[in-house]
Amino acid sequence: MAQKDVGNKIPIYKLKTTDEVMKYYDEWGVKNKYDQDMIDWKYSGPKETVEVFKKYAKDKNIKIYDAGCGTGLVGAELKKFGYSYFDGADLSQKLLDLVPKKLYQKISKVDLNKDIKIKDNSYDAVMCVGTFTFGHVKPHALDEFIRITKNKGLICFTINEGIYEKYGFDKKINELKENKSLNIKEFFKSDYIASKNVNAWLCLGEVLK
Ligand SMILES: C[S@@+](CC[C@H](N)C(=O)[O-])C[C@H]1O[C@@H](n2cnc3c(N)ncnc32)[C@H](O)[C@@H]1O
């Protein structure tokens, strides 16, 4: 599949190291450019993902972990639909500084390619939108999302279509299906950044333990 550029400066698919990714987003946050670009590009990832999530997450008081929360666009959607408890985590401190105050209960700087410092079964749901893309977070994070989610909880995430097979997300999802850790309820190609002709797989699964 051809790689598509959705970056602001250098093409996003050229990012290789975690350090490069962090700097890239730290710079993208300057003068709120990330949020403005998402408006200009009609980025629909957060809206589409929460639309799917709310079909399955009927209890609005559940505890949600927003992995790769960036400036909080997913939190803003969750709030819109009445969810009241969500924590956010991201690699870029600059983007975390832009998260509206009091939107999330807690925000923290983390590298999701490392083990997450959260106890097993801490959350009812994990959301991860826009963060499985070129040079960003690898499939192993899905094991961690399952670990920190309770039995029968939900994980809901997007995967940029350009890395789905290239980074082994296809194999990881099959493994999770086969070992019965994840009961996939939704899996379809979402619009994501349709204005840039970039789509993403949108997946929602129930965690089984
Ligand atoms: C396209 S943005 C999506 C942000 C937000 N979820 C949204 O939908 O607007 C990708 C996010 O992944 C974060 N990210 C990239 N690599 C990461 C890593 N290794 N650990 C944690 N966050 C990471 C970036 O800092 C950035 O905020």
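**The ligand shell**

The shell around the ligand divides into 12 nonpolar residues, 9 polar and 2 charged. Here Ala, Val, Leu, Ile, Met, Phe, Trp, Tyr, Cys and Pro count as nonpolar, Asp, Glu, Lys and Arg as charged, and the others, Gly among them, as polar.

This is a predicted model: local features need pLDDT of at least 70, side-chain atom pairs count only at pLDDT 80 or more, and totals for chains, interfaces and linings use all residues. Residues are numbered from 1 along each chain as its sequence is written.

Of the 23 residues around the ligand, the nearest are G68, G70, L91, L112 and G130; a residue is near if its C-beta atom, placed from the backbone, lies within 6 Å of the molecule. Two or more shell residues come from each of α1 (18-28), α3 (45-56), α4 (73-80) and β4 (123-132). Helices (H or I, at least four residues) and strands (E, at least two) are DSSP runs, numbered from the N terminus.

On confidence, pLDDT is the predictor's own score for each residue, from 0 to 100. The protein's mean is 94, with 95% of its residues at 70 or more. Among the elements, α1 has the lowest mean (94) and strand β1 (residues 63-67) the highest (99).

Now α3. Which of its residues are buried? They are G45, P46, T49, V50 and F53, buried meaning that 20 or more other C-beta atoms, placed from the backbone, lie within 10 Å of a residue's own. These residues cover an arc of only 105 degrees around the axis, so they sit on the same side of α3; the arc is that of the directions from the helix axis to the C-beta atoms.

Terms used: A residue is buried if 20 or more other C-beta atoms lie within 10 Å of its own, exposed if 12 or fewer, and partly exposed in between; C-beta atoms are placed from the backbone.
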